[in-house]
Amino acid sequence: MQRPVDIAVSRLPEPARAAVLAAFGEAPTWMSVRRANAALEAVDARLRGPDVAIHLLASFNVEPVEPALRLGLECIPCRPQLRIAPLNTIEQHLLDKTSFVYQEDSLATVVLWRIEELIPEVLLPYSSGGTEVVRGRVEQLWGRIERACRAYRGTAKSPLFLATFPSPRQMSGLVLNSQLVGGAMNAVAELNRKLGELAASLPGLYLLDWNWWAAQEGAGAFDPMMEQMARQPLSLRGALSLGLFVGRHLRPLVAPRRKVLVLDLDNTLWGGILGEDGVRGLKLGHDFPGNIYRRIQREARELKDQGVLLVLVSKNDEAEVREAFRELPDMELKWEDFVSRRVNFNHKHENLREIADELGLGIDSFAMLDDSDYEREQMRMFQPEVLVINQRSDPLHMLQALQSTDAFDAYTVSAEDRGRHREYELREARSGRGHEANLEEFLRSLHLEATVERIHEGTEQRVVQMLSKTNQFNLTTRRHRLEELKALMAAPGSIGLTLRLSDKFGDQGIVGVLLAVPAEKGRLRIDSYLVSCRALGRGVEECLWAELAKQARAGKFAGIIGEYIPTPKNGLAEKFFDKLGFARFEKTSSVTRYLMEPVKPVEPPAWLASNGGQ
Amino acid sequence: MVETDRLRDLLVEFFALAPEIAAEDIVQERIAKWDSLAMVQLIVEIQTVFGVAFDVEEIDQLTSYVQIRQALDRKGVKVSP
């Protein structure tokens, strides 16, 4: 079984890794935690991830375990500035707009609470006025929780992470309490259900299932003596694990999801070796051990439908593999479920390099599941950016590794995510025709249609998603959150555009975003300019520009300032403003600034039917 | 020759004390860092390192090297060879 710490530690800079692993050992000590924190402090800050402020509100005393929680958060990896509110001031802080939890640039506010502290009556209902009275208290508590959460999300910029309530640990009358509608078990279930509904209805509110965590960790995560002594219920081991658990839930805010799952075939998607055992000799189905492989396939299909692209890379004969896909009755995955397949005897890392180019994705967005020690080792050696999900070849281990990986963690799945696989499939169909001699003729043959429009409520979420994910064609890589976007667009004169692309294969959704805000001297400044890499090379970038130029002229802006902020990934956008005819007026190592004054009119590309910003 | 003493070493490292301090001088009132927060962590530390669990009454008494050593002695734990 792969422990969460093994996954997390693999991302930490080498010099600190051993110390951190030691701290997460079987019998952790405070000295080992301090040594691990010191080892991380000693590492160059740039290798430790972003500097982030995290705010913690709890119904118990977190202070005594703060270094252990912080160590878990370090494994995101990040450099957490952890700020903890005084014991049991959750509601006050969420309601007080001057509280530090409303600090603008913090990563998140996390709430950890237990029914034992918030409403202890549920543990002792008969001496607390009876079950009906206790039930009323639970209702009241919920009303206060909901009010505080809505108030916070209505104003604060940072997302709010609420823990679910764990089942109470120190409780008498287990049998009786389990039967009572006004009892502790029922109260926990009811509050957790309501939390789920609230999270689904309030954007920026997420749950972390602390109740699940407590059941997984068991009694060893808690320390009854500490609970009495320090109003702090966690054991050291529990605090370390909880830090990792919270960290995993915050990680998607700073680390993008892996986009591609690379799957091997023999002894990964089925048991046995096709070339030796033949189709009939393969193990796959409802009986052991074929049921494990079937479940691996099912998990992969689930990821596919969440927007993860599946890629098949197998050293086999393609005709035989196609036959196996056709003939095997219990295949959960079909040949068509893979956006790209390489059934050949080339090195897998070379195959992946090719596929990355073909899909227009960075190799660092790939994750791989492969039973072969050799293949995994070779990948680590030649293409270390590819995440190797499993560490061993046992199928049950592979299944568990796939289920427990954080590589595909996300808070939501958008319509674009769900349709992504089809888009790339079509893209493959399109790129197959890219060899046609005349590029413009080819582009015309796609019947491309662009719909450019002002950002509105229905498209804001997608814009924020693109701002957070687009790396390659992204001139400034500014990761605005929803509230920041709204604020930018609220400024008089600002122009925010989206471009939706469709072609004869179907609708590709919003693939381009351009944000421009008024600047000094009657100019506009381009704050953000990005195009999804799957839509590059079709005139989308130019089409957005043509529309901005038109609107800038109509708005009587004197000129437009463009900025290029280099990152390790956006090299392909470096010369873009030069290409559009901007003049460079400032260049530092962190930014190149351009100006076009006055704004020249420009036509959108001829092959792209555009609605002209309506 | 100084005898190795695992408890003394633990307390020296835990409170970052001068390495030459006499074990008998390690007393809560004389060590500013030994506050209630440190006490909570120290108990976990001693229990884990020496593989013991203290009762409530014992915990109340663990305020110096000498007393911790006595408590460990009663549990049959030797802090030096």
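Which exposed residues does the face of helix 4 of chain B turned away from its buried side carry? Hi everyone, let's find out together.

This is a predicted model, where local features need pLDDT of at least 70 and side-chain atom pairs count only at pLDDT 80 or more, while totals for chains, interfaces and linings use all residues. Residues are numbered from 1 along each chain as its sequence is written, and chains are lettered from A and ligands numbered from 1 in the order in which they are written.

Helices here are DSSP runs of H or I with at least four residues, strands are runs of E with at least two, and both are numbered from the N terminus. Buried means 20 or more other C-beta atoms within 10 Å of a residue's own, exposed means 12 or fewer, and partly exposed is in between, with C-beta atoms placed from the backbone.

In helix 4 of chain B, residues 65-74, the buried ones are B:Y65, B:I68, B:R69 and B:L72. Down the helix axis they fall within an arc of 100° (taken from the directions from the axis to the C-beta atoms), so they line one face. And our answer: the face turned away carries B:V66 and B:R74. Just after this helix, B:G76 has a positive phi of about 80°.

Now chain A. Five strands make an open, parallel sheet in the order 2-1-3-4-5; strands pair if DSSP finds at least two bridges between them. At the edges, pairing on one side only, are strand 2 (79-84) and strand 5 (205-208) of chain A. Strand 1 of chain A, residues 51-58, joins strand 2 of chain A through six bridges, and A:D51 has A:R79 as its bridge partner.
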